[in-house]
Amino acid sequence: MTQKALYSGNEAVARGAYEAGVRVAAAYPGTPSTEILENLARYDAVYSEWSPNEKVALDVAIGAAYAGSRAMAVMKHVGLNVAADAFFYASMTGMEAGLVIVCADDPNMFSSQNEQDNRHYAKFARVPCLEPSDSQEAKDLVGVALELSERFDGPVMLRLTTRISHSNALVELGERTAQEPADPPQYRIDRSKYVMVPGNARRRHPIVEERVRQVKAYAETFSANRVEMGERSLGIVTGGVAYQYAKEVFPRASFLKLGMTWPLPEALIRDFAARVERLIVVEELDPMIEEEIRLMGIPVEGKSIFPLCGELDPSVVRQCAIQAGLLPPETAPAHGPPAQGLPARPPLLCPGCPHRGVFVTTNKLKLVVSGDIGCYTLGFLPPLSALHTCGCMGASIGQAHGVSKAGIAQKHVAVIGDSTFFHTGMPALLNVAYNQSDTVVLILDNRTTAMTGHQQHPGTGRTLMEQPTYAVEFEALARAMGIEHVHTVDPYDLGAVERALRACLDAEGPAVVISRRECALLPVARAQWMALAVDEERCNGCGLCFQVGCPAIVRSSRLDGKTGHAIAWIDPMLCTGCEVCAQVCARKAISLRDEMAAEEA
Amino acid sequence: MNTGTRDRNFVLAGVGGQGTLLVSNVLAHVGVRAGYDVKKAEVHGMAQRGGSVSSHIRWGAKIHSPLIGLGEADYLVAFEVLEALRYVELLRPGGTVIVGEMRIPPLSVSSGGDVYPDDETVRRILGQATEDLSFVPSVRLAKDAGNVRAHNIVLLGALSVHLDQVPLEVWLEVIGEWVPKRYLEVNVNAFRMGREAY
């Protein structure tokens, strides 16, 4: 009996890579793709690593494929922006063994700054794009991608979306098929193929275009492009998770389900279109398939019916279909109205988050803050409202340098997390030192890649596969780059943060402040959790402590006799004892850790 | 073992850190064990801790969409009172709502001007959606079972009463696979208390 498991799309991709004999895999963590490498790292037969960024990860995978081993690079959609340079040259050179580039798009931006549709990259770089519709296909298409990569001598993109990555479905498990070589393989040198100087590149370009023609021909009979004929009044071309929504909403329609969404099988589409009365495309985000079909001269509808922005779901597809007259209105399930005016509950900085002390201080000093991507981005939310830009990974330092060169009335700083600093912050800090600005960079070193769920990075001293390794020192690194003023502070000590910041803001030239304290959710920090308490006699309900934005300190039902304001209350289930609220309290109404310990004793 | 023919759609709602995802894993795997095709959808990442979280779980003969549409949920299980209200639109008329009696005020209530809905508002909104509405003293029962954090499993126990096609042993077996050994007894107690309270 075959073994079945309820796998997320990400677990399935990891399993697929293992079964298909991938030997080297590299990635940078990014929602919704992170769990792919976390799961792959459990298979000893595959070398898996966190690279400092997606461009490095893709170069690593390309190198492995040049060296004759099947390889995989994994990233979220915007990671391919970082890796785009490598993506394009890999398409030009081809490889000696299969290379699959997995990228996970994020329609609806659950955890991203945009919802770019990476199928454009496939077309842009002439790389075939495969799209699974569930976990089983996610697993199977990894192997298919590697076979196609080897057959046509070019990388293949496997495009996931959040709902594929983070939905679980049953998957049949297989064995790893690849044989491990007894001896190291000889590296095959081929300068005309792998040295992309203009002369060689000019010869490669027509080869790449010929490859596209061949893949297109192959797509006509590719088994993952399949026709499911139903009623002929409506034909639906679709792929990815949109296929599943369309099957729910139009159970009797005819389907052309595309497992390869670029390049498209023109003859297959023409044939399908001729067999149905009305042809529509159901696809998330951009009208990629729709426009390709229209370029073939075939009448088709898509984004005139379904939305361009956000993700699809069964309700959206059904509602749009009803509006377009494709379904009678009574097919929509009855339901009550949404509850109005509910308080929102966005994700927030956790109790004890070390970033809080930094933002409390930048607020006190009224600093303009160029922000970056990580948990600390959440510092933009009220009540802190302390972070003023967030664009892409590593943007904060370059922006702050530009602000400095432009000149503004206020003082300003850049904040960037430890992992993000390694990702793309380093060249920007080098620029600050090289072109000398008064930029103050706060590196928020919480000893992990926190936002994606605690991954290792070059500063933690451990690898993805849990091997001990060299841990980079930010202080030495900053000095080596030419930064003269380097301070290290504990963000739980508000006075120390303020003194360091003031010193840097007053000094001439670039400065770096390293705010070092483990993420409050790491085991080493959890071991030190201790709940503080409010002295109800001292607290007068002034509300200063609420402005630090900690979920653990809330208004109690008790009102202060004089002010009439609610007394503060600390939830012992949530409080970790960081003492940030205690330090902002003007009436010393919050017990410190020492006092709590003494009381207990 | 699968005796039901129609699909069962479950929406679980809670606050990040409450154990919503553990329950969704157990519920999905119980469905598999009971012979259903199963899909489960949830969003993680972006420091969901403290934020609103939801899971969609579907059992059926053949499941396509991992997401449940408006009016398609048979069961709405909320681990926090306010979160029950947030997803009420997904419930089919007359569907089952099980609410754990835990209230966690969002930051906009504790440090801003938002108001947490009072009991009357909660009952009115949920009562408009269905008559099959239960409030379970999940915190008290979990404390009785031995650990307040097992409040999520209390609610799973309450839900299991509605799914009598699945034998008790299957629930306990799957819980045993997902809960750390040292907390197993507490969680089994919590599950049984949830079943009996219902």
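Two exercises on a predicted model follow, each with a worked solution.

Local features need pLDDT of at least 70 and side-chain atom pairs pLDDT 80 or more, while totals for chains, interfaces and linings use all residues. Residues are numbered from 1 along each chain as its sequence is written, chains are lettered from A in the order in which they are written, and side-chain values use heavy atoms, without hydrogens and water.

**Exercise 1.** Determine how α15(A) and α19(A) are oriented to each other.

Solution.
1. Helix α15 of chain A covers residues 355-364, and helix α19 of chain A covers residues 494-506; helices are DSSP runs (H or I, at least four residues), numbered from the N terminus.
2. Their axes lie 9 Å apart at an angle of about 50°; axes are lines fitted to C-alpha atoms over the stretch in contact, and angles run from 0 to 180 degrees between N-to-C directions.
3. The two helices are therefore oblique, the class left after angles under 35 degrees (roughly parallel), over 145 (roughly antiparallel) and 65 to 115 (roughly perpendicular).
4. Residues in contact (heavy atoms within 4.5 Å) include Val358(A) of α15(A) and Leu501(A) of α19(A).

**Exercise 2.** Describe the interface between chain A and chain B.

Solution.
1. Chain A gives 54 residues to the contact and chain B gives 55 residues.
2. About 4500 Å² is buried between the chains, 61% of it on carbon and sulfur atoms; buried area is the accessible area (1.4 Å probe) that two parts lose on being put together, summed over both.
3. Of the area that chain A buries against chain B, 18% comes from Leu6(A), Pro343(A) and Arg345(A), more than from any other three residues.
4. Arg345(A) also forms a salt bridge with Glu80(B) (3.1 Å, N to O); the term requires a side-chain nitrogen of Lys or Arg within 4 Å of a carboxyl oxygen of Asp or Glu.
5. The count of salt bridges between the two chains is 4.
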